[in-house]
Amino acid sequence: GRASPPLAALSQVLRLERSRRTAIVFPLQKLERYLAPGTDTARFRLFQPGLAALQRAEALFRSDRGHPIDYVSSAVRMDHAPPPALPEVCFIGRSNVGKSSLIRALFSLAPEVEVRVSKTPGHTKKMNFFKVGKYFTLVDMPGYGYRAPQDFVEMVEAYLQERHNLKRTFLLVDGVVGLQKTDHIAVEMLEEFGIPYVMVLTKIDRASRGLLLKNVLEIQEFVKENTQGCFPQLFLVSSVEFSGVHLLRCFVAHVTGNLPTVEAC
């Protein structure tokens, strides 16, 4: 298998000096100091696990002989999906939002896991299932935008409505461009079905601090005013720098019921 990239493991991050460490593990908190005085920052810290919880979550994403992490199968229809035996999370987002790259970063401590990255945006038409030991399943959904919504809707609506073991949907939004029209369609669908979800801003390494802060505040306001089922805190990630990846692993472990307690959650 491939070697794990730098900063993929918490032990590597903990060797950094404090401000850099905070920026990697809690990238949203790094932005707090640039907010106007008096700005409500409660939504920046709703999910703030301690080191023990982050380490427990990382162990789930680290494969070994007794804890295999495997690509299970792909499906184009629900009757092709593997049995819903484990808690499940799914990742959806616009084509070219960096979804497969993020899933690859989450699984970087299990380098034998092959996450297929399509060279053509919108080309992936299948749901890809990854089994994380006996603990949960992660599903990489087809991208929407370029060749959607029709292809996307037929498959994904059925999945969201029928998959009773689905614990949380992760809606990926490009941190550089913010919410797009197709993202609004996905939000409306999730809201209509009453599916609990969370928004993840990707590619934050490509956005200037000012642009990222603007997009974060605008999306937070949108979530507050227009959604019922969205977790109020945004998650910011960079698959290149591993910012936010450790926290996202922890949130996945939490929503799938695999953390006994999460401090300050």
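**Helix α9 and its surroundings**

In this predicted model, residues A53, L54, A57, E58 and L60 of α4 touch H246, L247, R249, C250 and A253 of α9, with contact taken as heavy atoms within 4.5 Å. Sorted by class, this contact has seven nonpolar, one polar and two charged residues; Ala, Val, Leu, Ile, Met, Phe, Trp, Tyr, Cys and Pro go down as nonpolar, Asp, Glu, Lys and Arg as charged, and the others, Gly among them, as polar. The axes of α4 (residues 51–60) and α9 come within 8 Å and cross at roughly 80°; axes here are lines fitted to C-alpha atoms, for helices over the stretch in contact, with angles from 0 to 180 degrees between N-to-C directions. The two helices are therefore roughly perpendicular to each other, the label for angles of 65 to 115 degrees. Helices are DSSP runs of H or I with at least four residues, strands are E runs of at least two, and both are numbered from the N terminus.

Residue numbers start from 1 along each chain as its sequence is written. Local features need pLDDT of at least 70, side-chain atom pairs count only at pLDDT 80 or more, and totals for chains, interfaces and linings use all residues, while side-chain values use heavy atoms, leaving out hydrogens and water.

As for burial, 10 of the 11 residues of α9 (residues 245–255) are buried, so the helix is largely enclosed by the rest of the structure. Buried stands for under 20% relative accessible area, exposed for over 50%, and partly exposed for anything in between (1.4 Å probe, protein chains only). Just past the helix, G257 adopts a positive phi of about 80°.

H246, one of the α9 residues, counts as buried because its relative accessibility is 2%. Its side chain reaches the backbone oxygen of L7 at 2.9 Å. Setting aside neighbours within four places in sequence, H246 also has A8, A9, L10, V13, I24, L54 and E58 among its contacts.

In the loop between β7 (235–236) and α9 sits E241, partly exposed at 36% relative accessible area. Beyond four places in sequence, E241 is in contact with L7, I24 and D205.

Terms used. Angles under 35 degrees count as roughly parallel, over 145 as roughly antiparallel, 65 to 115 as roughly perpendicular and the rest as oblique. A polar contact is a pair of N or O atoms within 3.5 Å; within protein, one must be able to donate a hydrogen and the other to accept it, and residues adjacent in sequence count only if both atoms are side-chain atoms.
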